[in-house]
Structures are given as C-alpha cells and as structure tokens.
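I opened my notebook to look through one model, feature by feature. These are my entries.

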Amino acid sequence: MTDAELPAGVERREIDGETRLATRGPPVYGEPTADGWRAWDPGRSKLGGMFELGFETGLSGGETVLYLGAASGTTVSHVADFAGPTYAVEFAPRPARDLVEAADPRDRLFPLLKDARTPERYAHVVESDVDAIVQDVATRGQAAVAVRNARFLADDGRLLLAIKARSEDVTAAPETVFEGALDRLREAYEILETGRLDRFHEDHLGVVATPR
C-alpha cells in the first residue's frame, strides 16, 4: 500500500531508526514513539498487517467504526487515533479493563463490555450506518458474527475481517476453513478482496467486503 492509499492520520514515520506505520496518540502496548507518533506493529495487529500488505480497505480517515473483538485495545486504539467515533466491543473482563485504560485519553473510543455474537445487546448504543466494521474475534463462528453485525453497516460501508483458521477448526486445512467462512459471509456481503496474512499472522485470512 502506498502512502497515498493510507487513511489520513496513518503515516510511515521514522521511529527508532526504522520506517514504521504509525498513528498519532498516546502509547498503549509499549510501542516505540517519536514526536507524538506511535509505531503500529503489524505483527500484533491484523488490520496493521492488512495495511502493510496493501489491502484496499476503503478507509480514508474520520470514519465511524464498529470494532468487534477489541481485546486490550492494541489495534482499536490505533483506529481511534485516525477514525471518528469508534465503538469497541469486547466480552472478556480482563482485556476489557485494559481497553478502558486505552480509551481514557481518547474521546472518540467507546468501550462496550458486550459479546459480539449478540449484537442486539448493544444495538441501542451503536450508531446505525457505520462506515466500517473491523473484526478480529478469535472464536468459532467468525463469519456468523460478521453476518449478525451487518445490520450496523452503511450500504457502501466496509467490513475488514481477519479470519483465524485455528479458532474455527484446529484439525482442518486452513484453506477449507476459509472457504467455508467466505460462503457464510456471502449471505450478507459481497467479497471485494481476500489475502493471506501469513507474513504477520500465521493461518489468517484478511477479507474486505461490503453489504449485499
């Protein structure tokens, strides 16, 4: 991905002697910083990996985002640095506490201690017609989660999904898992782009999609 294709607020900066993907904001996970910019480690972030691998995410900066599987805030904090209102859904209490800490200095990041498999439980909070759903949910039924949450996405919005094969079936070939997940996604989405993330995340598939 060229710098021109990165969203506004995401840049390649010289940090610790290396040119790194970076956003401007307070550090969250011990990442190196320089002049107010914080390095975005693609080895710890599926979305960061998608940027580094040149996916056409459709993000330009300032979007309203629903982030499913926010964990302790590693990636969603970067998203909130360049996006607009960012709703961060995380079910596990321990990482959710870290997520709340990451959100404290970010007035556009809204943590929700909810289960992404039951979107009706946060539908009263999340805006309709969000510009993007970013999903990194490491549980069985990842495609089903994306389908259930499609209700929130604008007609021209983007789903940016990382499918972890081993979360679905540790015995099946990743290609088989990915094919099944894509079939399920097609119930609600048109698939725009797919690609393996193995350079940064073994046995993961990156997906860009838009509502059908």
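**Two aspartates in loops**

I began with aspartate 203, which lies in the loop between strand 10 (189–196) and strand 11 (204–211). The model I am reading is a predicted one. I looked up the backbone of aspartate 203 and found a positive phi of about 60°, although the residue is not a glycine. Most residues other than glycine have a negative phi.

Next I turned to aspartate 35. I found it in the loop between strand 3 (33–34) and strand 4 (37–39). Aspartate 35 also is not a glycine, and its phi is positive, at about 55°. Its relative accessibility is 69%, so I noted aspartate 35 as exposed.

**Aromatic pairs**

How many aromatic pairs does the structure hold? I noted five. I looked at two of them in detail.

For phenylalanine 51 and phenylalanine 82, I read 6.5 Å between the ring centres and 70° between the planes. The pair is edge-to-face because planes over 60 degrees apart count as such. I checked burial next. Phenylalanine 51 has a relative accessible area of 0% and is buried. Phenylalanine 82 is at 5% relative accessibility and counts as buried.

My other pair was tyrosine 122 with phenylalanine 152. These rings are stacked, with 5.7 Å from centre to centre and 20° between the planes. This pair, too, links distant parts of the chain, 30 residues apart. Tyrosine 122 is in the loop between strand 7 (109–112) and strand 8 (130–135). Phenylalanine 152 is in the loop between helix 4 (142–148) and strand 9 (153–164). I wrote down 0% relative accessibility for tyrosine 122, which counts as buried. Phenylalanine 152 is buried as well, with a relative accessible area of 3%.

Ring pairs link Trp40, Phe51 and Phe82 into a cluster. Arginine 151 lies over the face of phenylalanine 152, at 5.9 Å from the ring centre.

**Helix 3 and its two faces**

Which residues of helix 3 (residues 93–103) are buried? I listed Ala96, Leu99, Ala102 and Ala103. They cover an arc of only 110° around the axis, which means they are on the same side of helix 3. An α-helix has 3.6 residues a turn, so residues three or four places apart point the same way. I then looked for what the buried residues of helix 3 pack against, and found helix 2, strand 6 (86–89) and strand 7. On the face turned away from the buried side, helix 3 carries the exposed residues Pro93, Arg94 and Glu101.

**The annotated binding site**

I went to the UniProt record next. Its unreviewed entry has a "binding site" annotation that covers Thr74, Thr75, Glu90, Phe91, Asp115, Ala116, Asp136, Val137, Ala138 and Thr139. From this set, Asp136 is taken into the lining of the largest cavity.

Valine 137 is found in the loop between strand 8 and helix 4. With a relative accessible area of 11%, valine 137 is buried. What does valine 137 touch, not counting residues up to four places away in sequence? I noted Leu68, Gly69, Ala116 and Gln142.

Threonine 139 also lies in the loop between strand 8 and helix 4. I read 29% relative accessibility for threonine 139, so it counts as partly exposed. Leaving out residues up to four places away in sequence, threonine 139 touches Ser167 and Glu168.

**Leucine 6**

My last entry is on leucine 6. I located it in the segment before strand 1 (10–15). Leucine 6 counts as buried, at 7% relative accessibility. I also looked up its separation from alanine 80, which is 74 residues away along the chain. The C-alpha atoms of leucine 6 and alanine 80 are separated by 15 Å.

Methods:
Residues are numbered from 1 along each chain as its sequence is written. This is a predicted model: local features need pLDDT of at least 70, side-chain atom pairs count only at pLDDT 80 or more; totals for chains, interfaces and linings use all residues. Side-chain values use heavy atoms; hydrogens and water are left out. Rings of Phe, Tyr and Trp (its six-membered ring) pair if their centres lie within 6.5 Å; planes under 30 degrees apart count as stacked, over 60 as edge-to-face and the rest as tilted. Buried means under 20% relative accessible area, exposed over 50%, partly exposed in between (1.4 Å probe, protein chains only). Helices (H or I, at least four residues) and strands (E, at least two) are DSSP runs, numbered from the N terminus. A charge sits over a ring if NZ of Lys or CZ of Arg is within 6 Å of the ring centre and within 35 degrees of the ring normal. The arc is that of the directions from the helix axis to the C-beta atoms. Contact means heavy atoms within 4.5 Å. UniProt positions are given in the numbering used here, feature names are shortened, and annotations may be inferred rather than shown by experiment. On a 1 Å grid over the protein atoms alone, a cavity is a set of points where a 1.4 Å probe fits but cannot get out, and a pocket is an open set with protein on both sides within 12 Å along at least five of seven lines; lining residues have an atom within 4 Å of a point.
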